[in-house]
Amino acid sequence: MAASQSDALTYILGALLAAGIAYFMMSPKQNKSSANDSTVVSSAETPSSADPVLHASEYRKFKLSKKTQLSPNTARYRFELPVPHAALGLPIGRHIQIMAVVDGKEVARSYTPTSTDNDKGFFELVVKTYPTGVISSYLDKMSIGDTINVRGPRGAFVYTPNMVRSIGMIAGGTGITPMYQIIQHILENPEDKTHVSVVFANVNEDDILLREHLERWAADHDNFDVHYVLNNPPEGWAGSIGFVTKEVIQKYMPAPADDIKVLICGPPPMVKAMGGCLGELGYVPPNIISKPIDQVFKF
């Protein structure tokens, strides 16, 4: 009788174990995903406005929703965010990296949005198309509904209100875009008393990006002024002619002091030349790799 009870108990325990294994095997497996699954993920994978829109190392897809031609070779591109009321979440002074596959190779370039976190559901880029510009040409050929791969934030500089008394900005061509982002942030904040002076260099008058905004700000705000430099000026041009010289810097930039910064962004030869000029004029010479604490910061 004892042996019979033992056999029954063994049978019952075996049946329960088999049932547990069967339940585990038949249950749906948890969906696991990680950054290792793919370097590019769909924007649909950020379903909530509480989730970060950008990822520092992982490219995410954003759809082109609008393109506005500003000049024959410059356009404003608007890209949808995955949630209508979300903000891009890019710290002021930082930029994003755009990647596209061109001729079978991944190509990446950095851009600073001209929109801010006050703009919900989208971000915008103002981009000048160059004949040899791989990404700018790629953007120019995009159709509404096409997607681009983006990651960020990137860069070392982060602006905070009233971080210095005065900021000087020397920009060349599309190098105005990171400056524009910072200027906009300062002028939209009535508590920020920072004075901003811009020297903006271009080849032709038609190359002056965002001119309407810059001049409106200069007219409306006592703490902002802008001066233009052209290589090929039209007749009657009131700005400077040629290149940005030490004389232009002395006249339009804040003088060297502990409570000022000078930001530079533009073509590499220009950035190098400006760093040399600033050093000769008594500013702390820029480092090879700029840090946020530097008096002269190169984007």
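Reader: How many aromatic pairs does the count come to?
Author: The count comes to nine aromatic pairs. Rings of Phe, Tyr and Trp (its six-membered ring) pair if their centres lie within 6.5 Å; planes under 30 degrees apart are stacked, over 60 edge-to-face, and the rest tilted. Tyr180 and Trp217 make a tilted pair, with 5.0 Å from centre to centre and 35 degrees between the planes.

Reader: Where do Tyr180 and Trp217 sit in the chain?
Author: Tyr180 is in helix 3 and Trp217 in helix 4 (residues 211-220), so the pair links distant parts of the chain, 37 residues apart. Helices (H or I, at least four residues) and strands (E, at least two) are DSSP runs, numbered from the N terminus.

Reader: Before I get carried away, what kind of model is this?
Author: It is a predicted model: local features need pLDDT of at least 70, side-chain atom pairs count only at pLDDT 80 or more, and totals for chains, interfaces and linings use all residues. Residues are numbered from 1 along each chain as its sequence is written, and side-chain values use heavy atoms, with hydrogens and water left out.

Reader: OK, on to the sheet. In what order do the six strands come?
Author: The order is 11-10-9-8-12-13, in an open sheet with parallel pairing. Two strands pair if DSSP finds at least two bridges between them. Strand 11 (240-241) and strand 13 (296-298) are the edges, each pairing on one side only.

Reader: How many bridges join strand 8 to strand 9?
Author: Seven, between residues 166-172 of strand 8 and residues 195-202 of strand 9. Ile170 stands opposite Val199 there.

Reader: And which strands does helix 3 lie across?
Author: Helix 3 (residues 176-187) lies across strand 8, strand 9, strand 10 (224-230) and strand 12 (260-265), at about 150 degrees to strand 8. Helix 6 (residues 268-280) packs on the sheet too, touching strand 8, strand 9, strand 12 and strand 13, and its direction makes about 155 degrees with that of strand 12. Contact means heavy atoms within 4.5 Å. Axes are lines fitted to C-alpha atoms, for helices over the stretch in contact, and angles run from 0 to 180 degrees between N-to-C directions.

Reader: Changing topic: what volume does the largest pocket have?
Author: About 920 Å³. On a 1 Å grid over the protein atoms alone, a pocket is an open set of points with protein on both sides within 12 Å along at least five of seven lines, a cavity is a set where a 1.4 Å probe fits but cannot get out, and lining residues have an atom within 4 Å of a point. Grid points are joined across faces, edges and corners, and a volume is the space filled by probe spheres set on the points.

Reader: Which residues are closest to the centre of that pocket?
Author: Of its 37 lining residues, Gly172, Thr174, Gly175, Gly266 and Pro267 are the closest. Helix 6 gives the largest share of the lining, five residues. The lining divides into 19 nonpolar, 15 polar and three charged residues. Ala, Val, Leu, Ile, Met, Phe, Trp, Tyr, Cys and Pro count as nonpolar, Asp, Glu, Lys and Arg as charged, and the others, Gly among them, as polar.

Reader: Last one: which residues does the cis peptide bond join?
Author: Gly152 and Pro153, with omega about 5 degrees. Pro153 lies in strand 7 (residues 147-154).
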